[in-house]
Each structure stands twice: as structure tokens, then as C-alpha cells.
There are 4 protein chains.
Amino acid sequence: MSTYQIGVVVGSLRKESFNRQMATAIAKLAPSEFKFKHIDIGDLPLYNQDNDGNPPEVVKKLKAEISASQGILFLTPEYNRSIPGVLKNALDHASRPYGQNIWAGKPTAVMGVSVGATGTGLAQQHLRNILAYLDMPTLNQPEVFLQMKEGLFDGAGNIGENSLKFLQGFMDNYVAWVKKHAK
Amino acid sequence: MSTYQIGVVVGSLRKESFNRQMATAIAKLAPSEFKFKHIDIGDLPLYNQDNDGNPPEVVKKLKAEISASQGILFLTPEYNRSIPGVLKNALDHASRPYGQNIWAGKPTAVMGVSVGATGTGLAQQHLRNILAYLDMPTLNQPEVFLQMKEGLFDGAGNIGENSLKFLQGFMDNYVAWVKKHAK
Amino acid sequence: MSTYQIGVVVGSLRKESFNRQMATAIAKLAPSEFKFKHIDIGDLPLYNQDNDGNPPEVVKKLKAEISASQGILFLTPEYNRSIPGVLKNALDHASRPYGQNIWAGKPTAVMGVSVGATGTGLAQQHLRNILAYLDMPTLNQPEVFLQMKEGLFDGAGNIGENSLKFLQGFMDNYVAWVKKHAK
Amino acid sequence: MSTYQIGVVVGSLRKESFNRQMATAIAKLAPSEFKFKHIDIGDLPLYNQDNDGNPPEVVKKLKAEISASQGILFLTPEYNRSIPGVLKNALDHASRPYGQNIWAGKPTAVMGVSVGATGTGLAQQHLRNILAYLDMPTLNQPEVFLQMKEGLFDGAGNIGENSLKFLQGFMDNYVAWVKKHAK
């Protein structure tokens with residue numbers, strides 16, 4: 001039985017990030033042949049095209065981790081009605097230099113937790129434009145716009161029961177999507 | 001006669017950035033009471049909400065420079081159909097912590113130079129969403145979607161004659177906009 | 001004392017439209033020199049550029065009503081993560097023929113009521129891009145993303161008390177914005 | 001050998017529409033098992049939710065034609081930095097009533113011809129958000145942003161030689177995408 005390594009990219013660097021908590025919780029809903037691996041984007045320098053020819057080790061490591069993944073999962077908060085600069089910076093690094101976009105072809109999905117009800121949807125609208133250009137087949141439905149509130153997680157950090165059926169449905173769709181598009 | 005300090009934010013860190021060249025060239029089209037000052041965003045750390053209470057000096061400096069400006073001018077390339085992570089990171093830093101968005105109320109305009117004909121327009125579509133949320137009155141017209149090609153600049157780094165009338169019109173509108181909205 | 005005629009454009013044709021109800025309710029929060037007038041968009045034909053030279057009467061009427069307004073107020077639901085085709089069709093008609101965009105310069109604001117918490121925000125993100133191009137100075141803040149639920153309106157169709165302070169603040173900002181930008 | 005019926009939706013009603021010309025020309029680049037059929041959207045009424053329970057014949061016909069298609073191809077101009085209201089109106093009709101979105105699952109691609117270099121890209125950025133919500137698997141690459149100029153078509157209305165290789169590549173990707181996703 002083949003296994004699928006899923007690179008998980010979280011758009012927030014906050015230690016107690018809701019999106020990071022969600023990344024841990026949602027992984028438990030996947031079948032056993034799916035292995036989720038956190039891809040760190042917090043040590044990257046700000047992208048500068050002048051370094052395209054000689055990227056630092058941390059950028060090479062980022063690209064290697066993406067390359068080793070059969071799928072990617074993005075979990076992102078919304079900052080100022082778009083995705084965090086931190087996340088865009090990682091997307092930019094691994095798309096370069098021109099013609100060596102390492103994201104291309106990796107199936108993906110986007111989800112997000114935000115404090116308000118509206119935020120993550122607005123960020124995801126921009127993110128989907130970017131992922132289309134990066135040539136990542138992106139799961140359409142269900143959209144996952146989560147609001148951080150009592151009960152989203154249970155006491156053990158698992159998905160709370162109110163969201164469980166919805167998020168299991170998301171995961172099932174994601175698994176099928178990755179299997180359909182993984183190379 | 002009052003003077004207006006304009007903070008210039010360039011979305012690319014590349015040393016020979018076309019947008020940085022344009023920043024220098026366009027400033028020459030402004031009346032003498034407008035003083036353009038480059039705001040550096042290349043030394044900022046990646047934004048992390050955990051540091052909101054105790055931002056590093058370079059973030060305080062960024063906020064002070066924005067605060068001292070009567071207007072802002074953004075010049076941005078397009079990376080992956082949106083604005084560079086570098087630029088979004090700066091926007092995020094100066095918008096935080098919650099309730100202390102330092103960009104608010106600063107009149108602004110956006111312009112961009114890209115290698116292809118389409119790029120900067122797509123980036124600006126996202127940027128305008130962000131600036132609306134940041135409560136920056138943003139000049140609507142003319143849109144400035146510039147393609148880097150022979151003649152955009154003359155030998156001395158000034159605006160080439162083909163674009164001069166258009167960009168002088170942009171600058172005249174920008175000057176009137178800043179005067180109308182500056183506090 | 002001068003008066004301001006505000007053209008109100010509602011994106012839904014539904015008879016019991018929440019956005020139309022809101023249009024009526026919000027007008028009561030304005031000062032007496034602001035007169036709100038509904039602009040009907042439900043009888044327009046589908047826009048066809050071939051008719052630019054000889055538009056039907058209903059299109060001429062639309063343009064005349066916009067032209068007679070000192071400001072515009074848009075209230076729109078979200079259909080499929082963007083604005084309704086009905087609303088875009090009206091925007092298209094009055095922007096044409098090329099060079100005779102009748103919306104240009106009219107100060108405006110956008111607000112919306114949707115059934116879900118997220119919808120109208122996503123529609124407004126697209127609408128703001130369009131309004132920038134149409135050269136309409138658009139109020140930035142507060143964003144008005146309303147969810148239709150018990151208490152949004154009181155029994156008499158007025159704004160319910162939970163939203164009253166927020167929407168009065170919006171109206172005050174809108175009034176100041178129109179006065180600043182009206183010609 | 002199975003055949004694939006492709007519903008072609010053109011965003012402009014203009015008789016000499018460049019996008020309609022392109023629809024005819026691009027179809028010739030497809031393999032013989034792909035049959036392209038124009039879906040007319042010019043006779044639709046403006047969408048009104050009050051008619052969801054009893055749609056007119058022309059709406060039923062639209063839905064039947066989409067339903068009978070194994071894939072959809074959108075060709076759209078840009079009006080005011082988004083898609084035409086005419087096109088959005090058709091998208092809205094066939095997505096309703098709630099729970100009966102007839103577009104769902106149909107593989108698709110977007111392309112466009114505009115007079116300026118920038119326009120169609122900005123329209124497509126909005127269109128892709130809408131298609132994701134409508135749950136249509138949408139081809140990512142190549143983006144097709146065409147500018148109407150001498151030589152785009154040859155004298156017989158076929159694709160001109162400068163664009164032929166690029167558009168054949170697009171068609172090959174589209175064919176593979178439809179085969180992968182058609183049900």
C-alpha cells in the first residue's frame with residue numbers, strides 16, 4: 001500500500017496559533033496511509049530575487065520538503081483581508097527561480113480558522129488566485145471557514161463534535177483529491 | 001507653505017528593482033512641497049503576533065516613519081498573481097497590534113512595473129482590497145500598470161517621453177488626493 | 001442649506017429582499033438634508049455593446065438618475081462568492097460607452113446583508129475592485145457585513161438595537177464622505 | 001470511443017465578439033471526440049430568486065444544456081475589472097435553487113480576449129473565485145490572457161501562427177483535464 005506524505009503549511013507563527021492546533025487535530029481524521037508533516041516557514045528570510053542563484057540552506061530545505069510531499073495542506077488566518085505576509089513569503093520562495101516552481105502539480109486544499117466570522121474567507125479568496133497560478137490542483141468544496149469559538153476543539157485538542165461531521169467530509173474529499181492528482 | 005512628506009514603499013528588495021527606479025523617477029514629477037522618503041521594509045522580521053507587545057526596534061522605526069508621513073506611495077511588482085510576501089509582511093507589521101493600525105487615514109496610491117503586461121494589475125487588485133481594510137484613502141484613477149521595456153526610463157533614469165504625460169497626470173491626481181485627505 | 005440626493009442601488013430583485021429592507025431602514029439614520037432615492041435595475045436588458053450608440057430608454061433613465069445623484073449607496077447580497085449578475089449588469093450599462101462612465105466621481109459606500117456570516121464580505125471584495133476602476137471614491141470603514149438574523153430589524157422595520165450604534169456610525173462616516181467628495 | 005460534449009459560454013453578446021470568434025477558432029484545435037456546442041446566455045432574464053420555484057423555459061434550457069455537457073469552456077472579456085454582468089447572470093441562474101447547482105463537477109477552463117493587455121486577467125481572477133465555489137474543477141495552466149491585435153486570427157478566422165503553439169498547448173491540457181474529471 002502506498003503512503004502519501006502531506007506537507008502542512010500554517011500561515012501563522014504564533015505559538016498557540018488556532019490554525020496550528022487545527023492542523024494537528026484535522027490530521028487525525030485522515031486514513032493511516034496519509035502522513036502529515038509540518039513544513040516550517042518561520043525561519044525563512046524575506047524573499048529577494050538577487051539571491052535566486054544562491055538560496056540559503058533554509059530555502060533549499062523548504063523546497064526539498066515540498067518536493068518530497070505528495071500533497072499540501074494550507075491552514076491560514078486572515079491578516080488585513082488577505083493571507084499573512086509570512087505565508088506569501090514562503091509561497092514566493094518555493095516558486096522561484098523562474099521555471100522552477102516547486103509547488104506545481106501538488107494537489108492541495110485550503111482551510112482556515114479566524115477570530116471573526118468573515119476573515120478567513122477573504123484571505124482564501126486571494127490564496128486561491130495564487131494557488132491557481134502556482135499550478136496546484138486545489139480542492140473546491142467544501143470551503144472551510146472556521147471561527148474560533150468554544151467547542152471548536154474538545155479538551156484533548158480534537159475536533160469538537162459540532163464540527164466533526166463537516167470536517168470529516170472535508171478530509172474525505174481531500175484524500176480523494178490527493179489520490180486523484182498525486183504523481 | 002506647508003510641505004508633505006510622502007513615505008515610499010517598494011515591494012521588491014532587488015537592488016536593481018524596476019519599481020525602485022520608478023520610485024526615484026516619479027518623485028521628480030511632484031511639486032517642490034512634496035518630499036519623498038524611502039521606507040525600508042527589507043530588515044523586518046517575519047511578523048509574529050506573539051511579539052505584538054514588544055516589537056523590535058526595526059518595527060518601531062517603520063511605524064514612526066509611516067506616522068511622520070502625510071501620504072504613502074506604493075510601488076509593487078507582482079509575484080504569483082498577488083503582492084510580494086515582503087510587502088504584505090510590512091503591511092501586517094504596521095497594522096498591529098489590534099486597534100493600533102498606523103496606516104489608517106494616510107492617503108495613498110498604488111503603481112507598479114512588471115516584466116509582463118498583466119502582472120502588476122493582478123497584484124494591485126489584491127492590494128486595493130487590503131488598503132481599503134487598512135482605511136487608507138486610495139486614489140482610484142489612473143491605474144498605473146507599467147511594463148518594463150525599452151524607453152520606460154531614459155538614459156539618466158528619468159521617465160521616458162512615451163510615459164511622461166500619463167505619469168505626470170497620475171502625479172497631479174495623487175498630489176490633489178493627498179492634499180484633500182492629509183491630516 | 002444644500003441637499004444631497006443619494007441613489008440607492010440594491011443588488012437583489014427579490015421582493016422581500018433583506019438588502020432592500022435594509023436600504024429603507026438605514027436611510028432613516030441619515031440627516032434630513034440627505035434624500036435617498038431607489039434606482040431600479042430590474043428592468044434593464046442584458047448589456048450588449050452593439051447597442052452603445054442607441055441605448056433603450058430604460059438605460060437612459062438609469063444614467064439620468066445616477067447623474068442627478070450626489071452620492072450612491074450600494075446594498076448587495078452575495079451570489080456565488082461575488083456580486084449578483086443583476087448588479088454587475090447595471091454597473092456595466094452606466095459605465096458605457098467608453099469614455100462616458102456616468103459613475104465616475106460619485107462618492108459611495110457598500111454594505112450588504114447575507115444569510116450566512118461570510119457571504120457579503122466576499123462579494124464586497126470584488127465590488128470594491130470594480131468601484132475603484134469606475135472611479136467612485138468608496139468609503140473604507142467600517143465594512144458592513146450583516147448577517148440576516150432575529151433582531152437585525154425590529155417589528156417596525158427599523159434597525160434593531162444591537163446593530164444601531166454600529167450602523168449609525170457607518171451612516172455618519174458615509175455622510176461625511178459624501179460631503180467631502182460630492183461635486 | 002466515447003465523445004465529450006463541451007458547452008461553450010461566451011461572456012459577450014456583441015455580434016462580432018472577439019471571444020466568440022475565438023470560441024470558433026479554438027474548437028478546431030481539439031481532437032475529433034470533442035464536440036463544442038455554444039450555450040446561449042443572451043435571452044436569459046435577470047435572475048430573481050422569487051422565480052426559483054418556477055423558472056422560465058429559457059432557464060430550463062440553459063440547465064439542460066449544461067447538464068448534457070461533459071465539460072464547459074468559458075471565454076470572457078473584461079468589463080470594469082471583472083466579468084460581464086451578462087456572464088454572471090448566467091452563472092447565477094444555473095446555480096439555483098439552493099442545492100441544485102447544475103455547474104457542480106463539470107470540468108472547465110477559462111480564457112479571454114481583451115482589447116487592452118491587462119483586462120481579461122483581472123476578470124479571470126474574479127471568475128476563478130466563482131468557479132471554485134460552484135465546484136467546477138478548473139484548469140490552472142496555462143492562463144490564457146489574449147490581446148486582440150493584428151494576427152491573432154488569420155484571414156480564414158483560424159488562430160494566427162504566433163499564438164498557435166501556445167493555444168494548442170492549452171487545448172491539449174484542457175482535453176486531458178476534461179477526461180480526468182468528466183463523469
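When I say two residues are in contact, I mean that their C-beta atoms, placed from the backbone, lie within 7 Å. Keep in mind that this is a predicted model.

Start with chains C and D. How many residues of chain C are in contact with chain D? The count is 27, and they meet 27 residues of chain D. Now look at the chain C side. Two elements give two or more residues each to the side that touches chain D: helix H3 (85-94) and helix H4 (119-133) of chain C. H3(C) has the largest share, with six residues.

Strands of a sheet pair through backbone hydrogen bonds, either parallel or antiparallel. Here the pairing is parallel. The sheet is open, has five strands, and reads E2-E1-E3-E4-E5 in chain A. Which strands sit at the edges? Strand E2 (34-38) and strand E5 (145-147) of chain A, each of which pairs on one side only. On average, neighbouring strands are turned by 25° against each other, direction ignored.

Zoom in on one pair. Strand E1 (residues 4-10) and strand E3 (residues 71-75) of chain A run parallel, joined by five bridges.

Last, a helix. Helix H4 (residues 119-133) of chain A packs on this sheet. H4 touches E3, strand E4 (108-114) and E5 of chain A. Its direction makes about 155° with that of E4(A).

Conventions:
Residues are numbered from 1 along each chain as its sequence is written. Chains are lettered from A and ligands numbered from 1 in the order in which they are written. This is a predicted model: local features need pLDDT of at least 70, side-chain atom pairs count only at pLDDT 80 or more; totals for chains, interfaces and linings use all residues. Two strands pair if DSSP finds at least two bridges between them. Helices (H or I, at least four residues) and strands (E, at least two) are DSSP runs, numbered from the N terminus. Axes are lines fitted to C-alpha atoms, for helices over the stretch in contact, and angles run from 0 to 180 degrees between N-to-C directions.
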